Amino acid sequence: MSFQKWVRTFEANAERRRLEPDPPWDAGRPLDRALIRSLQRFQAGEDGDGANLIGKSERAGDPDYLVAVRMFVAEEQNHARLLKHLLVNTGASIIDGHWSDRVFVALRRALGLRQELMTLMVAEVVALRYYRAVRDGTADPLLTDVGGRILADEQSHVPFHTQRLRVGFAAVGRPARAAVAIGWWVLLLGAACVVGYGHGSALRVLGVGRLRFIAETVALFRPVVRDVLIDPVRDDLELAAYPPVGGPTDPDAWSGPAAPRGA
């Protein structure tokens, strides 16, 4: 599977960001305290140089994939920048980190590329549901704008990592993949519960209950597990189940064919 199309996708995203103006930061309003704490934690989680992932990707030996990974890291860094400006311009501060993020990062760095991507995928799927809530959960135009921009990028991150993981598991037998799937589900459920309950007050402000957040995150993850581990030997055109690459998409369009669109 070629990763050249993902290089083109990330290049198109970078060009789109270059041409469009930043959100109107001076329109920032004070935010609910619970929402501030939640956004601070997500901002800290998005902020990193990606050196560990880039190093592992370089050792994988695929130059197109390495270029795409570098551009993926740049998008994540832009998310941290957007959230930082959002917080500062609404009168809040930023934080250095949170214990949950430090544990997650330590786990990723201790593993090989395939396992790191599986851990990263969990964070990406959780982020899909979270940033959709940020985009849709208030009448604050600045919060809606920032959430929508981040969500548009996250839409392509999931199929990007799915393709690389499908390559990584192509030669692994079905019994082993089934065992991996169980462990992956445990990790996802744990992460969804940590966010659902740890950010529960903020999610309520955004109109999403804890159990609903967890259930809809699970629904988003189901087609990922299928495409990576249950039925990974597919024609590459099956990735059309994800949003079309090359620019911003409707965030409600991606859920995989087996997952509900949600509210």
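Predicted model: local features only at pLDDT ≥ 70, side-chain atom pairs only at ≥ 80, totals over all residues.
Let me start with Phe221, which, once its neighbours within four places in sequence are left aside, is in contact with Met121, Val122, Val125, Trp184, Trp185 and Leu188, where contact means heavy atoms within 4.5 Å. Residues are numbered from 1 along each chain as its sequence is written, and side-chain values use heavy atoms, with hydrogens and water left out.

On the overall picture, the protein has ten helices and zero strands, and the pattern read along the sequence is α-α-α-α-α-α-α-α-α-α. Helices here are DSSP runs of H or I with at least four residues, strands are runs of E with at least two, and both are numbered from the N terminus. Of the 263 residues of the protein, 50% count as buried, with buried meaning under 20% relative accessible area, exposed over 50%, and partly exposed in between, for a 1.4 Å probe and protein chains only. If we take the contacts with a separation of 6 or more, residues 24 or more positions apart account for 82% of them.

Phe221 comes back when we turn to the core. The largest nonpolar core has 66 residues, and those touching the most other members are Leu39, Tyr131, Phe160, Trp184 and Phe221; a nonpolar core is a set of buried Ala, Val, Leu, Ile, Met, Phe, Trp, Tyr and Cys residues joined through side-chain atoms within 4.5 Å. Helix H6 gives the most to this core, with 14 residues.

That brings me to the packing around H6, starting with H3. The axes of helix H3, residues 51–59, and helix H6, residues 113–136, come within 10 Å and cross at roughly 140°, which makes H3 oblique to H6. The axes are lines fitted to C-alpha atoms, for helices over the stretch in contact, and the angles run from 0 to 180 degrees between N-to-C directions; under 35 degrees counts as roughly parallel, over 145 as roughly antiparallel, 65 to 115 as roughly perpendicular, and the rest as oblique. The crossing of H3 and H6 is left-handed, a term for the near helix being turned anticlockwise from the far one by less than a right angle, with right-handed used if clockwise. On the H3 side the contact is made by Asn52, Leu53, Lys56 and Ser57, and on the H6 side by Leu113, Glu116, Leu117 and Leu120. These residues divide into four nonpolar, two polar and two charged, where Ala, Val, Leu, Ile, Met, Phe, Trp, Tyr, Cys and Pro count as nonpolar, Asp, Glu, Lys and Arg as charged, and the others, Gly among them, as polar.

Asn52, in helix H3, is partly exposed, with a relative accessible area of 26%. Asn52 and Glu116 are 64 residues apart in sequence, yet 9.6 Å apart in space, C-alpha to C-alpha.

Next comes helix H2, residues 33–46, whose axis and that of H6 come within 13 Å and cross at roughly 135°, so that H2 is oblique to H6. H2 passes H6 in a left-handed crossing, and the contact is made by Ser38, Leu39, Phe42 and Glu46 of H2 together with Tyr130, Tyr131 and Val134 of H6. By class, this contact of H2 with H6 has five nonpolar, one polar and one charged residues.

H2 also packs against H4, and there the axes come within 8 Å and cross at roughly 150°, which makes H2 roughly antiparallel to H4. The crossing of H2 with H4 is again left-handed, and its contact has seven nonpolar, four polar and three charged residues.

Which residues does Ile95 touch, not counting residues up to four places away in sequence? They are Gln40, Arg41, Gln43 and Ala44. Ile95 lies in the loop between helix H4 (63–89) and helix H5 (99–109), and is partly exposed at a relative accessible area of 26%.

I will finish with Arg149 in helix H7, residues 141–169, which counts as buried because its relative accessibility is 18%. Leaving aside neighbours within four places in sequence, Arg149 is in contact with Glu20, Pro21, Asp22, Pro23 and Leu82, and Arg149 and Arg17, although 132 residues apart in sequence, are 9.4 Å apart in space, C-alpha to C-alpha.
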